[in-house]
Amino acid sequence: MGPDGAKALAVPLMLDSSLTRLDLEGNCIGPAGLSSLVETLADNCCLAQISLANNHLGSVGAKHAASLMMKNQYISSVNLSGNGFRDIDAPAFGLVIRESKHVKELVLSNNELGDMAGRELGEALVSNDTLEHLDLSWNHIRNASAAKLFGGVKENVGLRRLNVSFNGCGCEGVTGAGLALASNNTLRELDLSRNRLTDGDVKFALSLKNNDSLQILRLRDNLLTDVGALALLTAIYTAEGCAVEEVDIGTTSVNPDFIDLVKTIQEDRPFKVTHGPVIVVKDHTKYSQEGPKTTTLTQRRRTWKSMKKNPQIPWRFRIRKLWKDLCRL
């Protein structure tokens, strides 16, 4: 479509009084094309959902998009994914979140928002009670910036779904998530997938003992092992009043104790877990009181002599047996 196509589209949109959803994803309309649409759609009282994803809007387009959301009081869902927004564009979206009383869903995924975005959006969330779904996946909101974002979530009373996957929140960011969950009682779904979380970071789940609202927790593609997976599930199990019904750890391997604990939780309430393969360690000495079986040097010599006298045993098997016994010495 391009900018010219967007300008041409603005004319029939001006005459349309029944359009409720507009999807312009991937049309490369650019900031110039969006500027034409803003003038047309600002007074549209029917449009509720608009997707402007992957349109090369850039920083200029960010201002136009923010202007549209501020002027039109009927748009409740906006998708601005993949438009090359940078950190300097964060204040514009922070203003929308802070001032808007009608936007319920805002998708800013797959952009280049970073440190400033975490601070700006976090501060804006403190005073917002309308936004229900915020998608910030595939950005650069890391460490301290992520902690500031969750600082806003801690005080927020409206947000239901938050997606910060693929951001690299790290230890500092997930610590902020724990503090937020300890105070927030409205968030229903949290996605922390691909954020460089290790086994030691799952301690944030201990805060769920003070949370009775979170139902879905996603931690796919992190650096968790079966030990961290079990620690996470144990924290959920021991948290009285915890409402988590679904945990997604992707392809993370788990151990038999994890599976047993899942079954225990499922006896009390509906509970779904997505996980990787089950690790089974075959340790024969673990369940044996006799200890590992050992052979003495005399016993091995007798075995070698019996193999020597038996012509039916090929030499390659004799040499292999001899080599294995020598390696044990």
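This is a predicted model: local features need pLDDT of at least 70, side-chain atom pairs count only at pLDDT 80 or more; totals for chains, interfaces and linings use all residues.
As a general point, nonpolar side chains in soluble globular proteins tend to be buried together.

I take Leu-192 as an example. Setting aside residues up to four places away in sequence, Leu-192 touches Phe-150, Val-164, Val-174, Ala-177, Leu-197, Phe-204, Arg-218, Leu-219 and Asn-222.

Turning to the protein as a whole, 46% of its 329 residues count as buried. The accessible surface comes to about 17,000 Å², and carbon and sulfur atoms account for 52% of that area. Of the contacts with a separation of 6 or more, 84% are between residues 24 or more positions apart.

I come now to secondary structure. The protein has eleven helices and ten strands. An open sheet of ten strands runs in the order E1-E2-E3-E4-E5-E6-E7-E8-E9-E10, and the pairing is parallel. Which strands stand at the edges? They are E1, residues 21–23, and E10, residues 272–274; each has a single partner strand, so one side of each is left without a neighbour in the sheet. On average, neighbouring strands of this sheet are turned by 5° against each other, direction ignored.

Strand E5, residues 133–135, and strand E6, residues 161–163, run parallel and are joined by three bridges. Within that pair, Leu-134 has Leu-162 of E6 as its bridge partner.

Definitions and conventions:
Residues are numbered from 1 along each chain as its sequence is written. Side-chain values use heavy atoms; hydrogens and water are left out. Helices (H or I, at least four residues) and strands (E, at least two) are DSSP runs, numbered from the N terminus. Buried means under 20% relative accessible area, exposed over 50%, partly exposed in between (1.4 Å probe, protein chains only). Contact means heavy atoms within 4.5 Å. Accessible areas come from the Shrake-Rupley method with a 1.4 Å probe; for residues, only the protein chains shown count as cover. Two strands pair if DSSP finds at least two bridges between them. Axes are lines fitted to C-alpha atoms, for helices over the stretch in contact, and angles run from 0 to 180 degrees between N-to-C directions.
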